[in-house]
Amino acid sequence: LSLSAVAALGIALLPGGAASQQKSLKDQLVGTWILTSWERANPDGSKTHAFGANPKGINVFSADGRFALIYTRGDLPKLASNDRTKATPQEAKVIMDGAIAYYGTYSVDESSKAITLNIERTTFPNQLGRPQKRVINSLTADELKYSNPTATAGGQIQIAMKRAK
């Protein structure tokens, strides 16, 4: 066997962690992630948990560069009318304050560890037409932490997710 063939065989036989270190950030990001925490550090130093103490959510990154996201409070109330088109103004406000969903395409800048989201549709139309940057703070096989340094309501948002099993 040639030296390069022996080296290639040796790399192939390494434990999963050593071989996976060669994956790009985008390859590591691909999959389904479950929201575990969402916190905004406001410009005045206070903290906000828009999705409550028990947030629910999912973020999916596909290998072809598409993404979808939905976050909600874990305690959103049911509508009295049982018809989403007949929510009272108070019910509609609680739901609008406690949920966000959007989808589109994404790209990853490996050098700056940044994700750029190009939103095609959203429950908050003010996001349209403005690429959204997310900075990856840490990424392992089972955990993703990223920040939104320019939240639409101000401040910086810290998000933590675990990989769906």
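Reader: Which elements each supply at least two residues of the lining of the largest pocket?
Author: They are β1, α4, β5, β8 and β9. Keep in mind that this is a predicted model.

Reader: Which of them gives the largest share of that lining?
Author: β5 does, with three residues.

Reader: How many residues line the largest pocket, and which lie nearest its centre?
Author: The lining has 21 residues. Nearest the centre are Trp38, Arg40, Phe51, Ile100 and Thr152.

Reader: And how much space lies in the largest pocket?
Author: About 420 Å³.

Reader: Let's stay with β5. What is Ala99 in contact with, leaving aside neighbours within four places in sequence?
Author: Ala99 lies in strand β5. With those neighbours left aside, Ala99 contacts Phe51, Tyr71, Thr72, Leu76 and Thr123. Phe51 also belongs to the group nearest the centre of the largest pocket.

Reader: Is Ala99 buried or partly exposed?
Author: Ala99 has a relative accessible area of 22%, so it counts as partly exposed. The cut-off for buried is under 20%.

Reader: What separates the C-alpha atoms of Ala99 and Phe124?
Author: A distance of 9.7 Å. Along the chain, Ala99 and Phe124 are 25 residues apart.

Reader: Phe124, then. Which side chain has a polar atom 3.0 Å from the backbone nitrogen of Phe124?
Author: That of Thr122. The side chain of Thr122 also makes a polar contact of 2.7 Å with the side chain of Gln127.

Reader: Where is Thr122, and is it buried or exposed?
Author: Thr122 sits in strand β6. Its relative accessible area is 17%, so Thr122 is buried.

Reader: What else does Thr122 touch, leaving aside neighbours within four places in sequence?
Author: Ile100, Ala101, Tyr102, Gln127 and Leu128 are the contacts of Thr122 on that count. Ile100 came up with the pocket too, as one of the residues nearest its centre.

Reader: Switching to the core. How many residues are in the largest nonpolar core, and which have the most contacts inside it?
Author: The largest nonpolar core has 26 residues. Phe61, Tyr71 and Leu144 have the most contacts inside it.

Reader: Leu144 next. What does Leu144 touch, not counting residues up to four places away in sequence?
Author: Leu29, Trp33, Phe61, Ile136, Ser138, Leu139, Ile159, Ala160 and Met161. Phe61 is another of the residues with the most contacts inside the core.

Reader: Now charges. How many salt bridges does a search of the whole structure find?
Author: Six. In general, side chains of opposite charge can pair when their charged atoms come close.

Reader: What does Asp97 pair with?
Author: Lys93. The closest N and O atoms are 2.6 Å apart. Asp97 and Lys93 both lie in helix α4, four residues apart, about one turn of the helix. Lys93 is exposed at 52% relative accessible area, while Asp97 is partly exposed at 43%.

Reader: What does Arg73 meet in a salt bridge?
Author: Asp75, at 2.8 Å, N to O. Arg73 is partly exposed, with 26% relative accessible area. Asp75 is exposed, at 51%.

Reader: And what about Glu39?
Author: The side chain of Glu39 meets that of Lys47 in a salt bridge at 3.8 Å, N to O. Glu39 is partly exposed at 27%, and Lys47 is partly exposed at 49%.

Reader: Last topic, backbone angles. What is phi of Asn82, and where does that residue sit?
Author: Phi of Asn82 is near 60 degrees, a positive value in a residue other than glycine. Asn82 sits in the loop between β4 and α4 (89-97). Asn82 is exposed, with 73% relative accessible area.

Reader: What about phi of Lys113?
Author: It is near 55 degrees, also positive and also in a residue other than glycine. Lys113 is in the loop between β5 and β6. Its relative accessibility is 45%, so Lys113 counts as partly exposed.

Technical notes
Residues are numbered from 1 along each chain as its sequence is written. This is a predicted model: local features need pLDDT of at least 70, side-chain atom pairs count only at pLDDT 80 or more; totals for chains, interfaces and linings use all residues. Side-chain values use heavy atoms; hydrogens and water are left out. A nonpolar core is a set of buried Ala, Val, Leu, Ile, Met, Phe, Trp, Tyr and Cys residues joined through side-chain atoms within 4.5 Å. Buried means under 20% relative accessible area, exposed over 50%, partly exposed in between (1.4 Å probe, protein chains only). Contact means heavy atoms within 4.5 Å. A salt bridge is a side-chain nitrogen of Lys or Arg within 4 Å of a carboxyl oxygen of Asp or Glu. A polar contact is a pair of N or O atoms within 3.5 Å; within protein, one must be able to donate a hydrogen and the other to accept it, and residues adjacent in sequence count only if both atoms are side-chain atoms. On a 1 Å grid over the protein atoms alone, a cavity is a set of points where a 1.4 Å probe fits but cannot get out, and a pocket is an open set with protein on both sides within 12 Å along at least five of seven lines; lining residues have an atom within 4 Å of a point. Grid points are joined across faces, edges and corners, and a volume is the space filled by probe spheres set on the points.
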